[in-house]
Amino acid sequence: MVNFKIIYKVIGTLLFIEAAMMLICTGLAVYLGEDDSLAFIVSVFLTVLGGLIFKYLGRDSDNSLSRREAYLLVTLTWIIFSLFGCLPFLISGYIPDFTNAYFETISGFTTTGCSILNDVEALPHGMLFWRTMTQWIGGLGIVFFTIAIIPSLVGGNVKVFSAEATGPIRAKMHPRLGTTAKWIWSIYALLTVACAACYYLAGMGLFDCLNYAMTTTATGGFSTHNASTGYFHNPYIDYTAITFMFLSGTSFTLLYATIFKGRFRQFYHNSEFRLYLLLVAIATALIVTILIIDNDYPFFDALRVGLFQVTSFITTTGIFNDDAAQWHHITWVILSICMFIGASSGSTSGGFKCIRVVMVTNILKNEIRRILHPRAVLPVRVNDNIVPYSSQVTLLAFLAAYVGLCIFTYFCMISTGVDPTNSITIALSCAGNVGPTLGLEIGPTMSWGILPMGVKWLLSGLMLMGRLEIFTVVVLFTRAFWKEN
Amino acid sequence: MKIVIVGAYAIGTHLAKLLSRNDHDTVLIDSDVERLSNISNDYDLMTVLASPSRSKTFKEAGVGHADLFIAVTPDENMNLTSCVLAKALGAKRTVAKIDNNEYFDPKIKEYFEGIGITSLIYPEKLAAVDIANGLKMSWVRQRWDVHDGALTMLGIKLRETAEILDQPLKDLCKPESPYHIVAIKRGKETIIPRGEDVLKLKDIAYFMTTRQYIPYIRTIVGKERYADVKNVIIMGGGATAVRATALMPEYMKVKIIETDEARCEKLNELIDTDRVMVIHGDGRDLQLLHEEGIKNTQAFVALTGNAETNILACLTAKRLGVRKTVAMVENFDYVSMAESLDLGTIINKKALAASYIYQMMLDADVHNIHFLMSANADVAEFTAEPGSKVTRKKVFELGLPKGTTIGGIVRNGEGMLVSGGTQIEAGDSVVVFCHDIEMSRLEKFFR
């Protein structure tokens, strides 16, 4: 049966970490003397209290985690983190409604970046930084973050890792998971610092550059301005954002091999990376053409906004520098496809992932060849490795679940009266942790505040499932999970 | 010369038989009574019944005085370890049979030499080289290159279309003509031709020529209309098939038919190109062959472990219109039978391995030696040392033993054909064709 004690214990420890994160924002709020200081202090207090209660519930637990508990732990962690994470919004009264506050927080942790706030600029700095912080931690995963800091926290941390990591192939770059986690977080931190420095040099303020850098590398999409990066009207900032979004959408293991081991050949020959690059190139070319023909943009402007929007959507970041609502409808289709596919596995991005597209394409090719050669044994190759048959089945099951989930959400939203174009893009956006939606009712730059309450809860669930790649969450709702041994 | 062989399996026994005939002191070590008793009764050699992994065994067998130590058990690691041990005990040269192509990497090879393994032998690879060469020139039965093709020897089956039939060779091959016929295989007989001999229908003629005249040879034997091999079907996906596909040129599309499904999956891991398709099925299944386009296939290569299957499958393929067939026949008794069935190229790994090991028996002057099983002859390349017999007289005055003929020489990297009046100089690489004669008798001419 499920060993709840260990789960309580781990969650207790994790809540202390969350409290520590909040403390940073508290410090910022108190330092600036803004009106959210008290709300943060109370939230920290409540979070620590929560942590203590969980710790107490999980006292004298044995430190071993089975597969079952790992899945439950990961899902619960994300739910509870978001629950405590919405306290500052609620208490300060900036988001008085619980549904909205929870939605905003889970949108942060899952790096979706859709917001119910109509006016972000009204928030105090501490609150803005808290939003950014949730995305940055959520970028690589809350539990994964913990494994990097306290490898000894969880007994079966490899199981936890596989429950939280994204992508079909989990490559370790070091025999020990703790070391792997440290390396990946170092790369992540390095990217963030480099991105912040570039933003600063391009002319952003200190607070802004930190916020934008953290949400860019997390491929999250929260921003400190209503007009997102478009606020700056600065091509340097746009190109910096494009570069770092693109890098954050690359597999971190691949970046590690390239930067620290100098394997540039591997970088170029990686089939996932090549598809990623190809998709960005094709989508940009199409959008640029449409923008030039349809909206009379000059070439360089078209390239800048086109490339920006494509990288933003394919890396599932969701920041914008132009209002895509004004663009031709075909661009929406292209961007929706980008949203669906997403960037590389092992990065901070969401979506279906390029590597899965590579695999599905190969499976399709083989199926067609098999019609002509019924007895042929055809391998599905990804980077010279053969994908075993069982993984192919898992992959197709995931595709079915992903598409099914999107369609389910789409129908639910239509039945509550949301505009159909919005419905499908919101479904794709949430499942892929992208952020913006495209459509007639809600534009990509607008907030989602007007959605009905039920839909917001549905989307919160969808974002979580999208982040944890569906099965981790769905397995908890099976009878077998709770009943069988 | 004292030779110790470990492992009385196919290659080991075959080698032991060959070597004991040639007056070498041969010791055969194996841990199995039956394998040894099969050979010890009929051949003049010593057998040692003991585990090859024990140093006591090695002392008993006198490995310390061995000039050549050959480890040919099926266990690669045992072969490598026993070679290291033998070298440490004092064996002069060691040969290990391996089944891993990566060991041929120059760095690893150097390392192996450092720890006492002089040479590696990988019979599947030797077979693969022969197969790939044969497919590259589908109209040729056998091809052997000297000095990267400066000189080439071609074994060609003569059919009705050949222009050179029934003419005395003295009219055909003048000293200035661009080829030299070094041997003729007629039925079961191998002839070292003299001026009055003629080529007859269905002979296999061995031509020695230089690279630029290969198309000319193709014309005179009437094989221009042979289609180049583009599509290949290989039956049986063993190690030989894997290596052969790796060696085939890019333009060849290969289908490997394998009966074991797990092996099919494994093949996909081992072979990493898109031009190879692995098919699960039986290569003797006619319907499958039709479905996979046997009509549009130029070469059929049968590489299963079963000689009978290979022979029958090749016959079937011939009947279906495949011009070039290659059969792996491991059973020596079947080789001549397969030849008489006009099966095309016959591959025998044992013979290939044995001929390769011959090289090590002779001194370092022999660079390259190739055993032509069908003609029961060796072609070897010797380097003429300064002051050696061959450099002192013209070729026709040398008095080379019966059954040998000089095919050509490579001087300063350039291939030349040899006539009676040619003077061999020191430093020349001399290609000698010898039928039914021991190589060591030739050595003294070159030293």
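**Figure 1. Domains of chain B in the predicted model.** The domain assignment divides chain B into domain 1 (2–121), domain 2 (143–220), domain 3 (236–322) and domain 4 (361–446). The model is predicted.

**Figure 2. The contact of domain 2 with domain 4 in chain B.** Domain 2 of chain B puts 18 residues in contact with 24 residues of domain 4 of chain B. On the domain 2 side, strand 7 (142–146), strand 8 (151–157), strand 9 (179–186) and strand 11 (204–210) of chain B each give two or more residues. By class, this side of domain 2 of chain B has 12 nonpolar, five polar and one charged residue.

Figure 3. Five strands of chain B make an open sheet, ordered 7-8-11-9-10. The pairing is antiparallel. Strand 7 and strand 10 (189–191) of chain B are the edge strands, and each pairs on one side only. On average, neighbouring strands of this sheet are turned by 15° against each other, direction ignored. Strand 8 and strand 11 of chain B are antiparallel partners, paired over seven bridges. In this part of the sheet, K157(B) is opposite I204(B) of strand 11 of chain B.

Figure 4. Six strands of chain B form an open sheet in the order 3-2-1-4-5-6, with parallel pairing. Strand 3 (46–49) and strand 6 (119–121) of chain B stand at the edges. Each has a single partner strand, so one side of each has no neighbour in the sheet. From one strand to the next, the twist averages 20°.

**Figure 5. Strands 4 and 5 of chain B, with helix 4 across them.** Four bridges pair strand 4 (residues 68–71) with strand 5 (residues 93–97) of chain B in the parallel sense. F69(B) has T94(B) of strand 5 of chain B as its bridge partner. Helix 4 (residues 76–89) of chain B lies across strand 1 (2–6), strand 4 and strand 5 of chain B. The helix runs at about 175° to strand 5 of chain B.

**Figure 6. The hairpin of strands 20 and 21 in chain B.** Strand 20 (residues 404–411) and strand 21 of chain B run antiparallel and are joined by four bridges. I409(B) stands opposite M416(B) of strand 21 of chain B. Two residues lie between the strands of this hairpin, and N412(B) takes a positive phi near 50°. Side chains alternate along strand 21 (residues 414–417) of chain B. G415(B) and L417(B) point to one face and are buried.

**Figure 7. Where chain B touches chain A.** Here 12 residues of chain B are in contact with seven residues of chain A. Helix 10 (261–270) and strand 14 (276–280) of chain B each give two or more residues to the chain B side. That side of chain B divides into five nonpolar, three polar and four charged residues. Strand pairing also crosses between the chains: strand 1 (residues 376–377) of chain A runs antiparallel to strand 14 of chain B, joined by two bridges. V377(A) stands opposite V278(B) in strand 14 of chain B.

**Figure 8. Chain A as a whole.** Chain A has 22 helices and three strands. Its C-alpha trace spans about 65 × 55 × 50 Å along the principal axes. A compact globule of 485 residues would have a radius of gyration near 23 Å, and the 22 Å of chain A agrees with this. Buried residues account for 50% of the 485 residues in chain A. Of the contacts in chain A between residues at least 6 apart in sequence, 71% join residues at least 24 apart.

**Figure 9. Helix 15 packed with helix 16 in chain A.** Helix 15 (residues 299–314) and helix 16 (residues 329–341) of chain A pack at an angle of about 35°. Their axes are 7 Å apart. Helix 15 of chain A makes the contact with Q309(A), V310(A), F313(A) and I314(A). Helix 16 of chain A makes it with L335(A), C338(A), M339(A) and I341(A). By class, the contact of these helices of chain A has seven nonpolar residues, one polar residue and no charged residues.

Technical notes: Residues are numbered from 1 along each chain as its sequence is written. Chains are lettered from A and ligands numbered from 1 in the order in which they are written. This is a predicted model: local features need pLDDT of at least 70, side-chain atom pairs count only at pLDDT 80 or more; totals for chains, interfaces and linings use all residues. Two residues are in contact if their C-beta atoms, placed from the backbone, lie within 7 Å. Ala, Val, Leu, Ile, Met, Phe, Trp, Tyr, Cys and Pro count as nonpolar, Asp, Glu, Lys and Arg as charged, and the others, Gly among them, as polar. Two strands pair if DSSP finds at least two bridges between them. The radius of gyration is taken over C-alpha atoms; the globule rule is 2.2 Å times the number of residues to the power 0.38. A residue is buried if 20 or more other C-beta atoms lie within 10 Å of its own, exposed if 12 or fewer, and partly exposed in between; C-beta atoms are placed from the backbone. Domain bounds come from an automatic or database domain assignment. Axes are lines fitted to C-alpha atoms, for helices over the stretch in contact, and angles run from 0 to 180 degrees between N-to-C directions.
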